Amino acid sequence: MCGIVAYVGKGHCKDFILEGLTRLEYRGYDSAGFACINSEHKRFSYVKTVGLVSALKESVNKALIDGHVGIGHTRWATHGIANQENAHPHFNCSKSVSIVHNGIIESHEELREKLINSGHDFYSTTDTEVIAHLFGSLLKIHHTLKNAVLDLVSQAAGAYALALLMEDYPDQLIAVRRRSPLVIGIGEGENFIASDVLAFWDKTNKVFFIPDNSFAIINKDSVQCYDFAGNSVPIKIQDVDFKFANTDKQGFEHYMLKEIYEQKKAIDNTISFCRFIGSKDVCLKHIFDPNNKRKECKSNIDSIEYSEEIWQQLGLEIEQLKNLKQINLIAAGTSWHACRIIQFFIETICKIPVHVFLSSEFRYMPFFPKVDTVFIFISQSGETADTLEALRLVNSYNLPTIVVTNVVSSTMVREAGGFLPMQAGPEISVASTKAFSCQISILYWLAHRIALFRGLISLDQMRVAEDDLLVTAEVLESSIETYKWEISQTLAKFYAKFERFIFLGRHISYPFAMEAALKLKEISYIFAQCYPAGELKHGPIALIDKRTPIIMFSVLDDLIYQKLVANAQEVKARNGHLVSFAFEGQNELIKLSDCSFIIPRVKPLLAPLAMTGLMQFFIYQITKELGRPIDKPRNLAKSVTVE
Ligand code: G6P
C-alpha cells in the first residue's frame, strides 16, 4: 500500500526510481509519480500519472527528465480519489519543497485550515499536501534542516513515512519515519531510500532501518539520523541476505500462478528451516549473516536433536512455556484465516486453549492482560498496520510476543519479543497463496514442537509430523496436476458464468472455506459468501438456487464428514448445484456432487493444506476466464500500512 523510492548520489536517479517503483507495485496502488532536481536547470521536474507505473515510465522517458537526486511514489488512494492532482509528489506554493508520503497525517484538517488562513493555496485533497506547505514555511523559520524537521514532526500527528526533496538543498534528501516502514540502502557515493528493501536489492545489501520516530538527512556520502527529540541516533548498518529476492515471473503468466506452484518448495524450505533452527548448535541470531551455518546443519537432519534454543529465538523463558495456559493468535485477511485453522492444531496437539483475534478488532476491544499467555502475530509482510499496532499494544503490557512472518527485515520482527521466519520467498501477487500454506505449515510444526517440549508427543511423533507436512505439500501440488486440464479447458469457463457463490465448510474446513471465498472475491470480483455448513438451515438455505453454486470443502474426521454429507443432502434436496472438494473414498459426498475434486488422504488436521493448491488454482482459472488483472486486483493492496 503506497510505495516510496528515492535516490541521492553520483549517478542518475530516474532509472533506479522507476525500476524501484515497479518492484513495489505488489503493494497495491492506483497512481504514481516522480520528481527530481533536474540536472540541467537545477529546478524541480516532475511527472504524475493515474494507473500503472508503466504509464509513468513512458511519460518520464518522453519528458527526458533526470537528475542526481529524486523521489518516486505509488499511491493507494485514501484522502481523495485517484487522479493526477492527488498523485504524489506534492509541492508547497513556491514549488521549493517536494514530498512523497505513505500513511495518514491525522492532524491534516487543522493544519490545512491554518495554512489556508496564512495564504497557502492547495491543489489536491490529500493529507500529504499539508506537509509540503508546512515544511516549506518551517524551512524559512528555522536555520537548519534538523530543526525544521523537528518542528514538522511535532505538528504532524499520525503514522507516516516521508521522503522530502528541497530545491534549496539540492544534494540532500530527508527521510522521516513514524510507524510506517522506511529503509535506507547504503551505497558507495550513493544512497537509496525505499519502503521495502526489494526496491534496491541489486544495488547494495547494506541496509539501515530507520528506527521508529526518527528521521535521516541523507546525501550521497553520508547519513545522519536523529530521533524526534533531536538526539543523534547511531547508524547501525545490517547486511541483508537477498538470496530470495528474485522476483521474475519465470515464464508463468501471472505471479499468482507461479506462487501457487511454488508452494511445495516453499513448505519444504520452511520445514527444513524449522528443523535447522530447532536443532542443536544453531542460534538464529545468524539469520542476517549470509555465511550462516545452514548448509552444514542440513546434512545432519536425520540425526537431528531438537534444541531448547528455539524458545530463546521465540523470546520465551522455559518457565513461561511450562506454565503456558493460553495462546492468542492475531492477524488480518488471509493470515487471519490461517490463524483460524492453526487454532485446531494448537488445541488438538498441545491441548492449550487458543483465542484468535482480527487485529483491527483486537485493538479496540477491552484487554485483560494475563500472565501465562503468549501472543503470536501472523503476518506475511510483517508490516500490516493493524497487526503492528496490536503488537505494540501487547508489548506495552510486557507480555510475550512472537511474530511469524515471511519478511525478516520487517518492522514486526524488530519490535516483537521473538520471531519465526517462513521461507516462502517474496510473494508478489496481491492475493496471498504460498504465504498462507507456509503459515499453516510452520504453525503445525510449532504446535508439535511445543507438544514435544511439554512431553505430549515423542521424538518419533515429532519427526512423523514433519514428514506428514512434506507428504501433504506433495498432495497439494499433485492434485493441481490431476485436475489442471479439466479445470482450465472446461470447468473454469462454466463456473466463470455465475454471478455469486456460496462456500461451505465445517470444523477445520470452515476457515478454509472462508479463505476460498475471500480468494474468489479478491481476484474475480464475483460475490461470494461463506457459512459453516451446519448453519445452512438457519437462514442461508433460503439462498439456494440453480444460479448460486455451492462449493463445499470436506474434512477427514469421520464424524464431521457425516455431518457434511447431511448438509450436502440439504443442498441437493433443494436443487442446488454442488461442487465438492472431497477426499478419496468419500463416495457419498462425491455422488451427491455435480462436480467433485478428489484429493488423496492426508493427516486429518492437514486436510486444508492438502486442498489449498487446487482451490487456489480453480479460482485463478475462473478469474483468468473473466480477464481480470489477477496479480493486482482493483482497490486492493498487498501491504496494508494504513489502518
Ligand atoms: C492484505 C492482503 C492480504 C493479506 C492481508 C494481511 O489485505 O491483500 O493478502 O492477507 O493484507 O497481510 P499480512 O501481510 O499481515 O499477512
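Leu64 is exposed, with a relative accessible area of 73%, where exposed denotes over 50%, buried under 20% and partly exposed the range in between (1.4 Å probe, protein chains only). The structure is a predicted model, in which local features need pLDDT of at least 70 and side-chain atom pairs count only at pLDDT 80 or more, whereas totals for chains, interfaces and linings use all residues. Residues are numbered from 1 along each chain as its sequence is written, and side-chain values use heavy atoms, with hydrogens and water left out.

Leu64 is located in the loop between helix H2 (53–63) and strand S4 (67–75), helices (H or I, at least four residues) and strands (E, at least two) being DSSP runs numbered from the N terminus. Although Leu64 is not a glycine, its phi is positive, at about 50°. A positive phi, near 50°, is also found at Lys95, likewise a residue other than glycine. Lys95 belongs to the loop between S5 and strand S6 (97–105) and counts as partly exposed, at 35% relative accessibility. A further backbone feature is the cis peptide bond from His88 to Pro89, with omega near 5°. Pro89 is placed in the loop between strand S4 (67–75) and strand S5 (90–91).

At the level of the whole chain, 20 helices and 25 strands are present. The radius of gyration, taken over C-alpha atoms, is compared with a globule rule of 2.2 Å times the number of residues to the power 0.38. For 643 residues, a compact globule would have a value near 26 Å, and the 26 Å of the chain agrees with this. The C-alpha trace spans about 75 × 55 × 45 Å along its principal axes. Of the 643 residues, 62% count as buried. Contact is defined as heavy atoms within 4.5 Å; among contacts between residues at least 6 apart in sequence, 71% join residues at least 24 apart.

The chain exposes about 24,800 Å², of which carbon and sulfur atoms supply 51%; accessible areas come from the Shrake-Rupley method with a 1.4 Å probe, and for residues only the protein chains shown count as cover. The mean positions of the 67 positive and 72 negative charges are 2 Å apart. Here Lys and Arg count as positive and Asp and Glu as negative, without His and the chain ends, and each charge is placed at NZ of Lys, CZ of Arg, CG of Asp or CD of Glu.

Helix H13 (residues 385–395) is largely enclosed by the rest of the structure, since 9 of its 11 residues are buried. Among the buried residues of H13 are Asp386, Glu389 and Arg392, as well as Leu388, Leu391 and Val394. Their cover includes strands S8 (173–178), S16 (326–331), S18 (373–379) and S19 (401–405), together with helices H12 (359–362) and H14 (411–415).

The structure holds 0 disulfides, a disulfide being a pair of cysteine sulfur atoms within 2.5 Å. For Cys339, which is in no disulfide, the nearest cysteine sulfur is that of Cys350, 14 Å away. Cys339 counts as buried, at 0% relative accessibility. Cys530 is also in no disulfide, and the nearest cysteine sulfur, that of Cys339, is 16 Å away. At 13% relative accessibility, Cys530 counts as buried.

Ser596 is part of strand S25 (residues 595–599). Neighbours within four places in sequence aside, Ser596 is in contact with Tyr483, Ser580 and Ile590. Between Ser596 and Phe200 the separation is 396 residues in sequence and 46 Å in space, C-alpha to C-alpha.
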